[in-house]
Amino acid sequence: MLATRSATRALPSVGPFLAYLRLEVRRSLRNRRYLVFTIVFPVMLYVLYTAILPATASGPVAGLPWDVYFLVSMAAYGAIGAAMSQAAPIATERRAGWARQLRVTPLPGIAYVAAKAASAMLLTVPALALVGLAGQVVNHVDIGVGTWVAVIVALAIGSLPFAALGLLLGYLLDAESAQGGMVLSFFSLAILGGLFAPLEAFPAGLATIGRVLPSYHFANLGRSVVAGQLPDPTDIAVIAAWAVGLGVAAAWRYAADERSGRS
Amino acid sequence: MTPSTHPSSIARSGPTAVAFDGVSRRFGDTVALDEIDLGIAIGETVALLGPNGAGKTTAIGIMLGLLEPSTGLARTLGLAPHDAVRSGRVGAMLQSAGLPPGARVGELVDLARGLYPAPAGRDALLERAGLADLVERRAETLSGGEAQRVRFAFAIAGDPDLVFLDEPTVAMDVESRRAFWDDMRRFAAEGRTVLFATHYLDEADQVADRIVVLDRGRIVGDGSPAALKATVTERTVRFALPDGGGSDDPVLRSLPGVIGLDRHGQTASLLSRDADETVRGLVAAGIAFRHLEVAGADLDAAFLALTSGPREPVGSSTPAAA
């Protein structure tokens, strides 16, 4: 029986994981909220602040021209929104009893959570790619395709703490409040992390808060890659710390939710 | 009363489909299952029959590893229930399960197939679950009966040896219900084991080759539909009451031997432990009955006798949660 147990646990989990990941991605790409928050908003804001309102354009920030600096800000903004976009679907699925349906299939709980997180991270890719394209088309920003691909890879991986936060909110909040909770934390992270206005323009106290947030370091990570530099270890360390903390919290809430579904 | 087995299928799946050895389950002070011993052989089609709160859903939850027994041992296909589910040889349709909003039926069927090591063919599965015309529909736009069919597709997607169905036809109309069971019979005839919970007697009678009657967490009857009917000594006394008059229900209930009353307009059906005494009582009470019939019990009566007939006072014990 031990043999059966290990045989049924190890390998076959990959198939169910991929099957579930596929469903999640297809479903999310049809979700209007996802498209608005992660693609329409950042592209619109980018065009507004770099091409339409020249008064807001400033000189180079942190060594990057404004239209490049803000391009990375908006890419980061879209990616964070995409990574957090699982919050509301998880909350509504919990109410619908979907997790209970999955629990009577061979899909292990861990593969279900991993597929949720992975789909959230994968969904950052279209957002990142389209914001980059907007930079090329609107401002003829001169970043090589190779560099932007590197940005996409770095930010897709770096979006893990935001994916974990989306999961956490989905398991913490009910179907009515999950979307509100997601939007509130998403905008707080974006504004305080300096994605709309650079942290350099913040009062000292607010800037200190901003420097603790993963969103600030996430955008910094993207800027290092755009500038052709190696990522700052501080950025990586802060993002990793948030990923671990939020990941543990999400796993804890998931486990609590699963227990309550079992009794 | 002996469960029938299909020897050809035993080799396919091992010794027993389900084994309960002294399984109890409590929720706080409520006893949902009380020391259940139950063995279901490979290839049987078994109905778990009982009123709401009898413990049917709890029993299925334990067989699927969704719930741990408070005491006792449960095995599914010879494995710990959770491992049996993980192996992909078990399919299930639960009452409380739902579908994720935004997903299309075709995508859900693809997912269901992707979760199992040896899935049924896509077209065959769509056909069997009656979903061929619903492939593009989104989960949240489905009617109750249609969503039920998607959940049924999940239950059979893995080409399972053993299928659990908890009140599978609850949201279906009469026609879909008939079609569902026709299909289920063919499915069971392929040598699979089917265990379904229901409170519809006709479903248990027509579909199952064995009925396990649960009441308040205990097995109160176990056998073929015919065997269960034969255990009942009760009779039905049926007659018409005079137009515009007749007796009050309390009078009928108080007649000798009567343990149940079913009244439709002027027609009264009394369930009686002693039909002779009941008829004498009817005459003595001066009731002007017409069209008197005394009939042997049907499964309805058997069920009534097993689950809600007169019983010893149960003290402080409360009805079990479902």
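**Helix packing, sheets and the A–B interface**

The crossing of H3(A) and H8(A) is right-handed. The model is a predicted one. Helix H3 covers residues 32-52 of chain A, and helix H8 covers residues 124-139 of chain A. Their axes come within 9 Å. The crossing angle is roughly 25°. Angles under 35 degrees count as roughly parallel, and H3(A) and H8(A) are therefore roughly parallel to each other. On the H3(A) side, the contact is made by A:Thr38, A:Ile39, A:Pro42, A:Val43, A:Tyr46, A:Val47, A:Thr50 and A:Ala51. H8(A) contributes A:Pro126, A:Ala127, A:Leu130, A:Val131, A:Ala134, A:Val138 and A:Asn139. By class, the residues of this contact are 12 nonpolar and 3 polar, with no charged residue.

Chain A also touches chain B. The contact involves 29 residues of chain A and 27 residues of chain B. Four elements of chain A each supply at least two residues to the side that touches chain B: helix H1 (2-9), helix H2 (14-29), helix H5 (87-96) and helix H6 (98-103). H2(A) gives the most, with 7 residues. The side of chain A that touches chain B holds 12 nonpolar, 8 polar and 9 charged residues.

Two sheets of chain B are described next. An open sheet of 3 strands has the order S2-S1-S4 (chain B), with antiparallel pairing. Strand S2 (30-41) and strand S4 (71-76) of chain B stand at the edges. Each has a single partner strand, so one side of each is left without a neighbour in the sheet. From one strand to the next, the twist averages 20°. Strand S1 (residues 16-27) of chain B is joined to S2(B) by 8 bridges, and the two run antiparallel. B:Phe20 has B:Leu38 as its bridge partner in S2(B).

The other open sheet has 4 strands in the order S11-S12-S10-S13 (chain B), and its pairing is antiparallel. Strand S11 (258-264) and strand S13 (290-296) of chain B are the edge strands, each pairing on one side only. Direction ignored, neighbouring strands of this sheet are turned by 15° against each other on average. Helix H11 (residues 275-284) of chain B packs on the sheet. H11 touches strand S10 (235-240), S11, S12 and S13 of chain B. The direction of H11 makes about 25° with that of S10(B). Within the sheet, 6 bridges join S11(B) to strand S12 (residues 267-272) of chain B, and these strands run antiparallel. B:Arg263 has its bridge partner in S12(B), namely B:Ala268.

Terms used: Residues are numbered from 1 along each chain as its sequence is written. Chains are lettered from A and ligands numbered from 1 in the order in which they are written. This is a predicted model: local features need pLDDT of at least 70, side-chain atom pairs count only at pLDDT 80 or more; totals for chains, interfaces and linings use all residues. Two residues are in contact if their C-beta atoms, placed from the backbone, lie within 7 Å. Ala, Val, Leu, Ile, Met, Phe, Trp, Tyr, Cys and Pro count as nonpolar, Asp, Glu, Lys and Arg as charged, and the others, Gly among them, as polar. Two strands pair if DSSP finds at least two bridges between them. Axes are lines fitted to C-alpha atoms, for helices over the stretch in contact, and angles run from 0 to 180 degrees between N-to-C directions. Angles under 35 degrees count as roughly parallel, over 145 as roughly antiparallel, 65 to 115 as roughly perpendicular and the rest as oblique. A crossing is left-handed if the near helix is turned anticlockwise from the far one by less than a right angle, and right-handed if clockwise.
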